[in-house]
Each structure stands twice: as structure tokens, then as C-alpha cells.
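Here is a short briefing on one protein. Look at the sequence and the 3D structure first, then read the points below.

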Amino acid sequence: MVVKVQKPPRVNFKIEIYPNETEEPHFKVTYQNVTCRFKILDCEPMKAEAKNGIPSSIQKIMKQIKQTWQDNKEELIKRWNASRPTSQHHEHQKIK
């Protein structure tokens, strides 16, 4: 699900949250056909991205990503919690 943010960034990138993800709460940023995942709670890259390195095109817009996250953190949390499947045992993944 694409998240429409209240304060859109200057740079045109896409933020998405997927409902069946089983990892810790995160969002995906897509820019110039490159995707990188970030934790919702602190906007830090997920472990795999931190280990393998953030793609250079994403690194160039990190300031805008962090500002967009900061401006829209509550909405990202709301969307993540709303996207958790109700028929499965994903209650532990909700952000409190």
C-alpha cells in the first residue's frame, strides 16, 4: 500500500507499507527504481540494508527521507498498525 503523506517531500519518492510483512515495523522507499527499507520507529535502515549498504541513489535523498519520516511518523505508525492481518497472529507487530 502506497502511503500518501501529509507533507510530501521535495524529491519525488514513494513510501510503501505491505500488510503481510513479518519483520519489525518498517516502510519501503522507492526512488529511481531502487528500494530500501527503513524502521518506522527511528528511520534507520533495516539490518539487511545496513549490512549490504544503502544504494547510492537512496543515500542522495536521505535528508528528505528523514524529514518526510519525521513529518509523517504518526501516519506511518497508524498505517502499519492498520495493515496488520487480523486473521493471523501479528498482534505482536503492532506499534504501541
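Helices (H or I, at least four residues) and strands (E, at least two) are DSSP runs, numbered from the N terminus. On that basis, the protein has three helices and three strands. Their order from the N terminus is β-β-β-α-α-α. This is a predicted model, where local features need pLDDT of at least 70, side-chain atom pairs count only at pLDDT 80 or more, and totals for chains, interfaces and linings use all residues. Residues are numbered from 1 along each chain as its sequence is written, and side-chain values use heavy atoms, with hydrogens and water left out.

**Overall figures**

- Of the 96 residues, 45% count as buried. Buried means under 20% relative accessible area, exposed means over 50%, and partly exposed lies in between (1.4 Å probe, protein chains only).
- The protein exposes about 6,200 Å². Carbon and sulfur atoms supply 48% of that area. Accessible areas come from the Shrake-Rupley method with a 1.4 Å probe; for residues, only the protein chains shown count as cover.
- A contact means heavy atoms within 4.5 Å. Take the contacts between residues at least 6 apart in sequence: 45% of them join residues at least 24 apart.

**The strand pair**

- Strand 2 covers residues 26–31 and strand 3 covers residues 34–39. They run antiparallel, and six bridges join them. Two strands pair if DSSP finds at least two bridges between them.
- Strand 2 and strand 3 form a hairpin with two residues between them. Gln32 sits in the turn and has a positive phi of about 50 degrees.
- Which residue of strand 3 stands opposite Val29? It is Cys36.
- In a regular strand, side chains alternate between the two faces of the sheet.

- Leu76 belongs to helix 3, residues 62–83.
- Is Leu76 buried or exposed? Leu76 is buried, with a relative accessible area of 1%.
- Leaving out residues up to four places away in sequence, Leu76 touches Val3, Ile15, Ile17, Phe27, Ile40 and Trp69.
- Ile15 is 61 residues from Leu76 along the chain. The C-alpha atoms of the two are separated by 9.3 Å.

**Salt bridges**

- Side chains of opposite charge can pair when their charged atoms come close. A salt bridge is a side-chain nitrogen of Lys or Arg within 4 Å of a carboxyl oxygen of Asp or Glu.
- How many salt bridges does a search of the whole structure find? It finds five.
- One of them joins the side chains of Lys14 and Glu16, at 3.9 Å from N to O. Lys14 is partly exposed at 36% relative accessibility, whereas Glu16 is buried at 10%.
- Arg37 forms a salt bridge with Glu23, and their closest N and O atoms are 2.5 Å apart. Arg37 lies in strand 3 and Glu23 in the loop between strand 1 (14–16) and strand 2, so the pair ties together parts that are 14 residues apart in sequence. Arg37 is buried, with a relative accessible area of 13%. Glu23 is partly exposed, at 31%.
- Glu23, Arg37 and Glu49 are linked in a network of salt bridges.
- Lys66 and Glu44 also meet through their side chains, at 3.4 Å from N to O. Lys66 is partly exposed at 32% relative accessible area, and Glu44 is partly exposed at 35%.
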